[in-house]
Amino acid sequence: MALAGTPDDASDVDVRLVEIARLAAETLPAVSYASTTALREDSYTTVAATNPLAAAVDDAQYGDGAGPCLEALETGQPVSVHDVALTMRWPGFRRVARTIGLHSSLSIPLFAGSGEAVASMNLYGHDQGAMTSLGQHVRAAFQAAPSPSPAPASRKHSAGAADLAAGVAQALAVRDQIQRAIGMVAGRQRCSARNAYLALRMRAAEEGVALPDMALSTLSRLA
């Protein structure tokens, strides 16, 4: 996911969030609808939704100030709901999702250049088995663990799951590389991580290189 190497204030962040939602809905058989949630000026907003029904589920969570997409954005960890009907924590989410026939969901935090979660990708589906497989693969990527190997009978549930997990793992690797460079700059300049990120971002802009490339050269230079 290229978003991980994109500066937080880049003009094309929203374009990337729209594309992420579109690709998820088009390439993941388990996903019926997809959306991306971001926090803008102290309020949550749906930046992209592949179907108005996805936006409706998002809105229910914003209204309650609670739900899987908000938790993923706030904690920086994926949040999987295997069975919507059994979810008691988020009544608004449960009510709207059940009304439109959704059975499972998976919300994945999306990181930009600073390493902060700037959005949540929300995947909504009708097939519990397929959505559960997606969640397992994504959690394994976040834990840097081997992706689960489904039994032959459930292999159809994993269609696209490995590709999604690989994309997540690549994004996390880019994030880790930038964070290591930020830590090194912060240590050398005795400044905050935020100021170190801004310095790294400014130097990348001045030299006309991508942020991940600047992070890699910084690691090599300061090692």
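Mentor: Happy to; here is a walk through the salt bridges, pair by pair. Keep in mind that the model is predicted. The structure holds eight salt bridges, and I will pick out some of them.

Let's start with Arg 201 and Asp 9, whose side chains meet in a salt bridge at 3.1 Å, N to O. This pair links distant parts of the chain, 192 residues apart: Arg 201 sits in helix 7 (residues 193–207), while Asp 9 belongs to the segment before helix 1 (13–27). Asp 9 is exposed, because its relative accessible area is 57% and the cut-off for exposed is over 50%. Arg 201, at 22%, counts as partly exposed.

Now look within helix 1, where Glu 19 and Arg 22 lie three residues apart, about one turn of the helix. They form a salt bridge, and their closest N and O atoms are 2.4 Å apart. Both partners are partly exposed: Glu 19 has a relative accessible area of 34%, and Arg 22 has 33%.

Another pair to find is Glu 71 with Arg 89, joined by a salt bridge at 2.4 Å, N to O. Here again distant parts of the chain are linked, 18 residues apart, with Glu 71 in helix 3 (residues 68–75) and Arg 89 in the loop between strand 3 (79–81) and helix 4 (91–99). Glu 71 is partly exposed at 24% relative accessibility, whereas Arg 89 is exposed at 55%. Finally, salt bridges with shared partners join Glu 19, Arg 22 and Glu 26 into one network.

Terms used: Residues numbered from 1 in each chain as written. Predicted model: local features only at pLDDT ≥ 70, side-chain atom pairs only at ≥ 80, totals over all residues. Heavy atoms only, no water. Salt bridge = Lys/Arg side-chain N within 4 Å of Asp/Glu carboxyl O. Helix = DSSP H or I, 4+ residues; strand = E, 2+ residues; numbered from the N terminus. Buried < 20%, exposed > 50% of the residue type's maximum accessible area, 1.4 Å probe, protein only.
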